[in-house]
Amino acid sequence: TSKHVQKPHAARGVYVGEIFNCKHFVRLIYHRKMVANKERAIKRKASEGGAKPESITSKQEPLDESNDEDNSNESDYESDKENLLGSIENEGEDSSDSDGEYATDDDEDDVLSFESLNSDGEEEDEAEDAGATLEEVENEAEEEEDGEDDEEADSADDVNSDSSPEEDEGDLEESSDEELEEEEEEEAKENGKEKPVKAKAERKQRKEQFESDDEPLPDDLKLGRIEDVLGTGEKKTRGLGVFPPVPKRKGKAAQDEYAAGDTSDEEDIRNTVGNIPMHWYDEYKHVGYDWDAKKIVKAKKGDAIDDFLQRMEDPNFWRTVTDPQTGQKVVLSDEDIGLIKRIMSGRNPDAEYDDYEPFIEWFTSEVEKMPIRNIPESKRSFLPSKAEKHKIGRYVHALKMGWMKTMAEKRRLEAIRRQPKFYMLWTTDHGKEEMRRIHDHVAAPKRMLPGHAESYNPPPEYLFDEKELEEWNKLANQPWKRKRAYVPQKYNSLREVPGYTRYVKERFLRCLDLYLAPRMRRSRVAVGAEYLIPKLPSPRDLQPFPTLQNLIYTGHTSLIRCISVEPKGEYIVTGSDDMTVKIWEISTARCIRTIPTGDIVRSVAWCPNSKISLVAAASGKRVLLINPKVGDYMLVKKTDDLLTEAPRSDTVDSERIRSAVQWGEVTEEEKKLGVRIVITHFREVRQVTWHGRGDYFATVMPDGAYRSVMIHQLSKRRSQVPFSKSKGLIQCVLFHPIKPCLFVATQRHIRVYDLVKQLMMKKLYPGCKWISSMAIHPKGDNLLIGTYEKRLMWFDLDLSTKPYQQLRIHNAAIRSVAFHPRYPLFASAGDDRSVIVSHGMVYNDLLQNPLIVPLRRLKNHAVVNDFSVFDVVFHPTQPWVFSTGADNTVRLYT
C-alpha cells in the first residue's frame, strides 16, 4: 500500500485495468477511507478559518465556459482526480465525467502525489499547522501558476509515464537537503511567514519513505497539517477532496514517480494497442490509444539537423532511446546501461549476484553404508545370466582364433619380439598359413623356373637359326603364337650379360596378375570332359563336303579379288588387279578368254538366268556386260541379238539418275572382246550382284552417299535410286532368292527392305564394328555374315534380330562367306590362309534349330602383304568350293 500512496500517478493507469486484482482491491478500499478522512478534516479546518463555502464543497459543479484559460485547465486537472476518486466511491458505478474525464491538455501533467502526507498520526502536527489560512494557500497557488509554463514538458512526461525512473532519480540526487531548505526559507520570506518548525523533520521522513519502498504504512494512518498537504499556495478544492500538486522547485526537475521503486504489476502502460507491429501507425498522427480510448499523438520528430545538434549538445544523447509504444524519448540510467552490458556479455543481469560465492553443500558427500532397499532377492538373481554366457562364449571363441591372448601368451610373444629376427631365404609357401585371419588362403602361383634356353651360355640346340629368327620376327603382331617369348643368346661370361630391358615391365605384369587374381576357391564340377563338349555328329556322317585341293588355276599376274561360276557349272569367271577378266574351264583349269577392262576389277557376277550367257564385271567406275562366248552357240547368238538394239522407252529419267549413271554403247575393239553394254557411274563401283531371275542387277558405290546403291533393269536399260537419303557406309547388297526383298549391309547394321512396298521390313544388329561380306541361304530364312573382327555370325530371320550363333573359327579378318545352292554347306575365307567348310542344316520344322558343325579347314593359299584369301564360291551342282587369293591363284577343293 505504501507504493500506491507514494505513487498515485502510477496507480492511476492501473486501477481500471486491474480492479479485480485482490491486492489492488484492498489498496483501493484503504485509499478511499483515507480520502474521506482527509475531506472531513479539510471541511472542519476551512469552517474554523472562515473559508469560502464554494471552495470546499464536495459536490462537483459544472464549469463555466466563459472562464479564462487558467481556470479551465485547473478544473480539468481537478476533474481527473475527482473521476478517479469518484470511481472508487461509487464501487462499480459509472465513473465517467462529462467535463474533464478525457481531458488531454497540458495541465493534466500535474501529477497526483500523496508523498507529502504525514503518516505519524500525531494531533500535535495538526495543531501546530492549524494557523494556515486559505489566503496563504491562494498566494502560493498563484506562484505555482507562473512556473507551470516552464514545467509543462516535464509534467507531460510524468503523465504519460514516458520518462524513465533513472532520469528522475538523477534529478532528485542533484537536489540536496540544503538546497531544499534554502528554497523553503525563500518561499517563507516571500509569503511573510516563517519556516515551519517541523518542515525539516517532515522532509527527512519523506526521504526515508522514498528510499524504503518496502516499509509498510502504519495501520493508524492520520493526516498532517492541511498546509503540509496543500502547501502555502492557493488551495484547489473541487468534488470529493483536495488533490495537492507536485512540489515545484525552481531550476529542478519534478520528482520521478518511479523513484521509490516499481514492480511489473504497477507499470503504467498508457498505450493499449497491445503487442502489434507499430509500423501500422506510420501513416497516422497517433501511435495508439490510452486507457480512456483517446489517441496518443506522436512525438515530434526532428530532421537531420536537429538530430545532429542534439548529438552535439546533449551529453546524454548516446543513452537516449525511443519508446516504440508512445514515441517518447527515454534516457537510460547507469543502472540500465550496466544491466544491458551484463546481458550482452552473457553474465547474470543482477549486479549483486556473486558468481564466485562459496558452494553450499546441500547434500552430504560422505558415503553412508546403509541398504537402499530391503526387498528379498528374486529367483532370477541366483540363475546364470544368459548375457554373461554369450559374453564368455565370445571370449572363448576369440581365444581359440587367436584374436585374444592370455597374459602368459602376451609375455611369450613380447619375449619373442625382443629377440633377434632371422628370415629363411628359401622358405616354402606350401606350409600352414600363419595368418589365421585369412581363411582358405590361396597361395600365389609360382613362376616357371628358368630353363637352359634362358642361360647366358645355352647349348647350341637352343639357339635360333635364321629361319627360326625370321619366323619369330613375323609374329610380332601375334606374340602369343611364338614358341618362346624371348630370343636365346650366348655370352662368354656372366659379366658380358647386358641389362634386361623388359625386367620392369615383366615385374609390373606379375604384380598386376597377383593383384587382379581372384582369391577364391571354386568347386570343380564332377563332370567328365567328354560331357562338356556338345554332342555333334561325326564328319563322316555329314559327307559329302570338300576335303582336298584338286586344281590350281594360274594365269593372273596380280591378286584375284573376285570369282563367279556359270549356272550350269562348266566355266568360271575371275577378276583381278591386273585389269583383266578371265574365263576358265573348270574341268581342265584352262583359261579360255581374257578381256582387258582398263581398270581394277573388284567384282564379277555371272547372270543366274540360264537362257542367256552374260557376265557383269565392275571395273573402276564402269560396269561391263560381257558375252563370254562359251557354251552353246545358239545361246551365245541369242544373247547378242538381245543386247544389239536398245528398247524404246517413253519415260524420261530424272536429273538425279542421269547424273549418277549413264547407259552407253561400246567401241569396236571392246565389241570384238565381247563387251556389249557399258554402264558408267559417278563413283567407283565395288560390287555387282544379280537378281534371281536375271533381269535386274544392283551395284554398290560406298562413296555415293544416298546414291550408293543403284538398281538396273537389263530389259529396259533403265536405272533407279532406291534410297532418298544416306544409310551409312554401305558394304554390300543382296537380293532375296525368292521374295522381292533387298538386303543392305552397312558397317554395323543390316537392313531388309521390301521392294514392292518400298518399306524397311527388319533391321539386324550383329553387334560388330565392320561387316565385310554376307550370304543368304537358298531358302531365304537364314543369313550368314562375316566381319573384319574374325567373327562369323548366323542369323535366323524368323527367330530374332540378334545373331543365333557366333563362330570364332578364324584367326584373322574374314573376307568372304558363301552358301551352297543345293548341299547343307557353307564356307568362309579370311586372311589367315584358311577356307573353312562347315555343315549348316536348316530344317523345315520351325521348332528345330539349325545344325552348325565346322567340318574342314583348307589352308593352301599363301599370305602376300598380309592378304590371303579374297573370295570363295561353291559349285552350283557339286560339293566343290573355289577360292581366290593374293597369291594370284584360283584353287578348287573337292
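With that, I get 17 salt bridges in the structure.

Ground rules next. I'm working on a predicted model, where local features need pLDDT of at least 70 and side-chain atom pairs count only at pLDDT 80 or more, while totals for chains, interfaces and linings use all residues. Residues are numbered from 1 along each chain as its sequence is written, and side-chain values use heavy atoms, with hydrogens and water left out.

**Entry: overall picture**

I looked up the secondary structure and found 22 helices and 35 strands. Both are DSSP runs numbered from the N terminus, helices being H or I with at least four residues and strands E with at least two. For burial I use relative accessible area: under 20% is buried, over 50% is exposed, and partly exposed is in between (1.4 Å probe, protein chains only). On that scale, buried residues make up 38% of the protein's 894 residues. Among contacts with a separation of 6 or more, 56% are between residues 24 or more positions apart.

**Entry: salt bridges**

How far apart are the closest N and O atoms of Arg676 and Asp640? I read 2.8 Å for this salt bridge. Arg676 sits in strand S16 (residues 675-681) and Asp640 in helix H20 (residues 633-644), so the pair ties together parts that are 36 residues apart in sequence. Arg676 counts as buried because its relative accessibility is 11%.

Glu585 and Arg590 also meet through their side chains, at 3.1 Å from N to O. Here Glu585 is buried at 19%, whereas Arg590 is partly exposed at 46%.

I then looked at Asp887 and Arg891, whose side chains make a salt bridge at 3.3 Å, N to O. Asp887 is buried at 17% relative accessible area, and Arg891 is buried at 11%. I also noted a network of salt bridges that links Glu414, Arg417 and Arg418.

**Entry: surface patches**

For patches I take residues with over 30% relative accessible area and no salt bridge, joining like charges within 9 Å and nonpolar side chains (Val, Leu, Ile, Met, Phe, Trp, Tyr) within 5 Å. Lys and Arg count as positive and Asp and Glu as negative, with His and the chain ends not counted. I place each charge at NZ of Lys, CZ of Arg, CG of Asp or CD of Glu.

The positive patch I found consists of Lys481, Lys790, Arg833 and Lys859. Lys790 is in the loop between strand S26 (782-787) and strand S27 (792-796), and is partly exposed at 34%. A negative patch is made by Asp465, Glu466, Glu468 and Glu471, with Glu471 in helix H17 (residues 466-474).

Which residues form a nonpolar patch on the surface? I listed Phe508, Leu509, Leu512, Tyr515 and Leu516, which together have about 550 Å² of accessible area. Tyr515 belongs to helix H18 (residues 503-516) and is exposed at 66%.

**Entry: Val869**

Is Val869 buried or exposed? Buried, with a relative accessible area of 0%. Val869 is in strand S33 (residues 869-874). Leaving out residues up to four places away in sequence, its contacts include Arg815, Asp831, Arg833, His861 and Gly885. Asp831 is 38 residues away along the chain, yet the two C-alpha atoms are separated by 5.8 Å.

I spotted a cis peptide bond between Gln543 and Pro544, omega about 10 degrees. Pro544 is in the loop between helix H19 (529-532) and strand S7 (549-554).

Met579 is not a glycine, but its phi is positive, near 65 degrees. Met579 is in the loop between strand S9 (571-576) and strand S10 (580-585), partly exposed at 36%. I logged Lys629 too, with a positive phi near 60 degrees. Lys629 is in the loop between strand S14 (622-626) and H20, and is partly exposed at 33%.

Technical notes:
Accessible areas come from the Shrake-Rupley method with a 1.4 Å probe; for residues, only the protein chains shown count as cover. A salt bridge is a side-chain nitrogen of Lys or Arg within 4 Å of a carboxyl oxygen of Asp or Glu. Contact means heavy atoms within 4.5 Å.
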